[in-house]
Number of protein chains: 2
Amino acid sequence: MRIALAQLNPTIGALNQNKEKVIKYFKSAAENKVDLVVFTELSLSGYPPRDLLLYDSFLNRERDLIVNELAPLTAGSGPAMIIGATHRKESKLYNGALLLEKGKIKSVHLKTLLPNFDVFDEERYFTRCTERKVEMLDNLPAALTVCEDIWNDNDFFTNPIYNTDPLVTLFSQGARLLLNLSASPYHLGKHNLREEMLPFLAKKYNSGIIYLNQVGGNDDLVFDGSSLVYNHRGELLYRASASEEELFFVDTEDLYKPAEITVPPDRDDISTVLQVLTLGLKDYAAKSGFKNVILGLSGGIDSAVVACLATAALGPKNVMGIMMPSQYSSEHSVEDAVELAENLGIEHRLISIEKPFRTFINLLNESGGALQDLAEENLQARLRGNILMHISNREGGLVLATGNKSEFAVGYSTLYGDMVGGLAPISDLPKMMVYDLAAHINNISHKEIIPERTLTKVPSAELRPDQKDEDSLPPYNILDPILFHYIEEKLSAADIIARGYHEDIVKNVIRLVDKSEFKRRQAATGLRITTSSLGAGRRMPIARGYE
Amino acid sequence: MRIALAQLNPTIGALNQNKEKVIKYFKSAAENKVDLVVFTELSLSGYPPRDLLLYDSFLNRERDLIVNELAPLTAGSGPAMIIGATHRKESKLYNGALLLEKGKIKSVHLKTLLPNFDVFDEERYFTRCTERKVEMLDNLPAALTVCEDIWNDNDFFTNPIYNTDPLVTLFSQGARLLLNLSASPYHLGKHNLREEMLPFLAKKYNSGIIYLNQVGGNDDLVFDGSSLVYNHRGELLYRASASEEELFFVDTEDLYKPAEITVPPDRDDISTVLQVLTLGLKDYAAKSGFKNVILGLSGGIDSAVVACLATAALGPKNVMGIMMPSQYSSEHSVEDAVELAENLGIEHRLISIEKPFRTFINLLNESGGALQDLAEENLQARLRGNILMHISNREGGLVLATGNKSEFAVGYSTLYGDMVGGLAPISDLPKMMVYDLAAHINNISHKEIIPERTLTKVPSAELRPDQKDEDSLPPYNILDPILFHYIEEKLSAADIIARGYHEDIVKNVIRLVDKSEFKRRQAATGLRITTSSLGAGRRMPIARGYE
C-alpha cells in the first residue's frame, strides 16, 4: 500500500481555505498513484480551534465540507482519505480520525486521551472515547490514533498521566501499523522525546509507525512538523521539514524490512529555537493579516534578536525599527541600534522621547523638575509605547514587544510601556538563551549582524542615570536557573535553596514572580518555547495571599 | 444533630490566614454546642487556586495544616469537622470533602463531577472519583458532595452534561441528608437556578438539603454565598448573606418536618448585580493589597457607575477621580464629572491632556497640526492611560478601567488607553445594563448621585469633534441583544438574522467581535456577571481566518 502524508499549515477557523488546501494536496497525491492520503488532527479547523468548537454552526460547516466536498473526492477510483475532524455522537463531541472511502465516511476513530494540562484544554470540548478498534487498511490492521493517544506508554513513561492506553487495546487486536494524526506543538526537547518514544513503540509492538504532525504557528503555539516514519525495528526512515508544508510518501512494505538508509537522529538545539521562533512570528503576522512589523530598537540584545527574527521571517523591507532615546540613554544605544538596522537592511527612525517626557514632567510635577522615581521610569517606557502604537495605528504594522522570559517572569518590565505589542516573540526565552540565540545568529550569518557591543554591554533599561539590571535583579546566570526550578519544575523555595542558591535571592525572586502576575495577564501573546510558558501554560491567581 | 455551617471568604493561596479563619469559626461554633462544623469547597486554598495546585509544596502544606492543626480540634469532646480540601490517592489528586473526627481524618468523599467549561478548569487538576459512599452522621445517612456533584439531575436538566450522577448512587444507598460544599460563582440567573433545582432535589429524594457556598471575590469570579437550607418537602428554611461571611446553625430534625416559616424565594435583579460588583471590587482591591483606587471620570455613564461601585466598596476617602479633558471634550463633561465626584464625596483632580497631545502632534506629524485620524483618537486615550498609571505608580492605588461589555466586545476601546487598569469592574456588563444599574443607584440613594445629564446624554468617546458612539456602532438597544445571541447563546450570523436583525448590522457586529480578540487578550480582569464573560469564560484564537 502506498500512502501519501500531508503535513499542512492550516489557519485556525478558516474552514474553506483549509479545505481548499486539503483538496490541492489530495489531488497532487492522487496523481502520484497512492491508495490513501492522510491529513493531520483537526485539519479543517486547524489546531487549536478553541471556543470556535462551542459554535454549532462551525461544527456543522466543518461536517458539511467533509461530507459534500472531501468525501466525493474518494469516490470511484480515487484514493481513500484519513482526515482529522470533529465527530458528534449522541450529543457528545469527539476529536476523531475519519476514514473517507468510496465517497462516504467509512469509519471514525475517536481520540481516547484528551490532554488537559499545560497549554491544552481538550476536556473543555471533547468526550473521551473508550472503545477503540483497529481499521483494516488494504489488509494491514492499523491502529488509527489521534495525537495524545500514543503518549501514555507504561514502559516508556515512569508516571503515565492516564489510566488507560489505547495502544494496548489496539495492538491486542492485532494492529501491525501505527498511524498517528497529530497537532503537537514544539517545546524544548520535544524532538528528542519524539525520537526516543516512537522507535521504542515500534520495537515494543513490532509495528511500523507513521507519525504525521501539523506545521506552522497558531498564536502562542508553534507546530514544528517533523513528521516521522519508522519501520518495525524502530529505524527512522524519514523526517519531514520542521517549518514547511510537505507531501511525502510511504510504501508500507518498507516498514517491515530492515532500513537501507536510516535518517540520523535530531536533537533540539539553539538552531531549532531559531527556526521555531521565526516560523511562529511569520505565521502570527500572516494569519492576523499583517505584512510588516514595528519594534523599538534600544541598542540592547533583546530588541536586536527580535529584529533579526522579524527580518528572517518577513524580509528586511517589512521590518521597521524605532529608536526612542531619552536623556538617560547611553551614547552608544542609538549607534548600536543604527548599526544593527543597517546590518539587517531594515528601515529605522529616530524619535526622541525627551520632549513629551518634559511636557509630562511639567504637567505632573509641582516643581516642574524630574523626580527620577519609578513612576518616571515607567512613564518613559509608556511614551515609547505610545509612539510605537501611534505608528502602527497610522501606518499599519504589527508591533512586536521585545521582552524576554526572565524579565517577564520577575515583572522587570512596564505594563503599557515596553510590554506593548500584538506579539512578544521571545517572551518565553530566558535571557541566557537570548544570548545564545544572538551568538548563533551571528555565527550562521558568517558576519556580525548583531553588533559586538550589543552582545557584551551590561544589561540596562536606561530609565535613570547609570541604571543596570543587576541593581534590581540577580545576575541572569543565577536568575535563570532559579526561574527554571520555580516555574518549570515547580519546586518550592526550600527545594531551590537546597540546591545551593542563596536564601534571600531565592525568596526575592519568587516574591517578584508571584507579585507580577497582573502584568503577565495583560501581556502580548508570546511564542511558547519551554514546557511552562507564562501565558496559557501557567494559570495563576492574581489577587492572592502568600505563605 | 446540630450542625454549624461556615460561609467564609478565603483569600486564594493564603493557607495560613484561611486556616486561622477556619479555627476561629470552628471555636465559635463549638461554643454553641454543635456536633459538627462544616466549611466550603477547598477552604484552605480558597477557590479557585488554579496552578497553585501544581505545586507539591502547596498541597503538602495544606495537608499538614489539616492533619496537625485542624484535626486536633476535633479530638476529645470537640465537634467533628467537614472541610473541603484536596486529597491525593495513588499519585492522583482529588477535590474532596474531609470528615475530621476524634483528632483524625475519619473519611474522605471525593468529587465525581469536575466542571471544565466556561471559567472552570477542574480536569486540569483533579481526577474524577467514581466510587461514592454515604457517610453516617450521627445515625443520619448523608450524601456528602462537593459543588458540581449535585448539578446533573436527569429529571431537572434537559441536557445533563455528565454521563453519571453521584446523587443517584448516594440516594440508592439510602442517603437521607444532602450536604453540599460549594464554591459556586455568581452569574445572572444563578439565584433563580439554585432555588429551583435544590427544592426539586429535596422533593425527588425526600431529603433535607444543606447547601453551603463560599462568599467573596477572587479575581474575575464573585462567590455570592447565599447558602441555603431546605427541608425534605423542598421548603426553604434559611438563606445566608449574599455578600458577608456568616456562621449559621441547623438542627437536622427541622429538615424532616413541615416548615413553620419559609423564606421567600430570591430572584436575581439589578440589585443583585450591584451587590456582586461591589463585593468583587472590594475583594479584588483588598486581596491584591490596595486600599484605594483611581479612575478617569469622563462625565459619561460608565465611569460614573464605576465611581459609585468603588465608593460603595471602599468608601469615598479611598476613591480618586481624574478628569482629563482634551480640546474635543464637551463643556459639560468636566461639569458632570465634578458634580458626580461631589455627590459621592470623592477626591477629584483636573489634568488636561491638551499639552502632551500637542507635544506629540508636533513630534509625530510633519505638518505639526492634528490630522484627526484614528491614531490620534487612540493617542488621546493613551495619554489619559499614562496619567492614571503615573498617579498609581507614584502615589499608590489600583487603577480601574471603566469600559462596559458592549464596547469591549466590539473593540470600541483603546488598548493601553481607556483599557488600562488592574480591574475592569463593569467589563462584563452590557451597556443597557449599565443604564439600569445607574438608575438603580440613584433610586436607592433617594437623591441624584449620578447627574441627570450623564444619564441622558448621547454616548460619545469625545475623541474627535462631535463624535458619537452611534457613528461607529448600532444603537445599544440593538447591539446588546445581537452580542447576547452571538457571545452567550453562540448563535451564527444566519440564526441571529433569522431573529429579525438587519443582515449588514449582524455581520458587522460579528466581524468587530472577532477582529478585536487581540485587545481583550490584553485586557484588565473583569468581574463576571454573565454566563459568557469575555475573559477566561471565552477562549478564542487571535490569529485566525473567517468564514
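This is a predicted model: local features need pLDDT of at least 70, side-chain atom pairs count only at pLDDT 80 or more; totals for chains, interfaces and linings use all residues.
Two residues are in contact if their C-beta atoms, placed from the backbone, lie within 7 Å.

**Figure 1. Chain A and chain B meet through the same surface on each copy.** Of the interface residues of chain B, 100% are also interface residues in chain A, so the two copies use the same surface to meet. Chain A brings 65 residues to this contact, and chain B brings 65 residues as well. On the side of chain B that touches chain A, at least two residues each come from α1 (15–31), α2 (56–70), α5 (270–287), α8 (354–364), α9 (374–395) and α17 (517–521). If you want one helix to look at, pick α9(B): with 11 residues, α9(B) gives the most to this side of chain B. Sorted by class, the side of chain B that touches chain A holds 27 nonpolar, 21 polar and 17 charged residues.

**Figure 2. A rotation of 180° brings chain B onto chain A.** The shift along the rotation axis is 0.0 Å, and the superposition has an RMSD of 0.0 Å. The two copies are thus related as by a two-fold rotation axis.

**Figure 3. Helices α6 and α11 of chain A pack against each other.** Here α6(A) spans residues 301–314 and α11(A) spans residues 431–445; their axes lie 10 Å apart, at an angle of about 50°. That angle makes α6(A) oblique to α11(A), and the crossing of the two helices is left-handed. From α6(A), the contact is made by A:Ile301, A:Asp302, A:Ala304, A:Val305 and A:Cys308. Facing them from α11(A) are A:Val434, A:Tyr435, A:Leu437, A:Ala438 and A:Ile441. By class, this contact has 9 nonpolar residues, no polar ones and 1 charged residue.

**Figure 4. Domain 1 and domain 2 of chain A touch each other.** The domain assignment places domain 1 at 2–268 and domain 2 at 274–466. Taken over C-alpha atoms, the centres of these two domains of chain A are separated by 40 Å. Their contact takes 9 residues from domain 1 and 8 residues from domain 2.

Definitions and conventions
Residues are numbered from 1 along each chain as its sequence is written. Chains are lettered from A and ligands numbered from 1 in the order in which they are written. Copies are superposed by least squares on the C-alpha atoms of residues with pLDDT of at least 70 in both. Helices (H or I, at least four residues) and strands (E, at least two) are DSSP runs, numbered from the N terminus. Ala, Val, Leu, Ile, Met, Phe, Trp, Tyr, Cys and Pro count as nonpolar, Asp, Glu, Lys and Arg as charged, and the others, Gly among them, as polar. Axes are lines fitted to C-alpha atoms, for helices over the stretch in contact, and angles run from 0 to 180 degrees between N-to-C directions. Angles under 35 degrees count as roughly parallel, over 145 as roughly antiparallel, 65 to 115 as roughly perpendicular and the rest as oblique. A crossing is left-handed if the near helix is turned anticlockwise from the far one by less than a right angle, and right-handed if clockwise. Domain bounds come from an automatic or database domain assignment.
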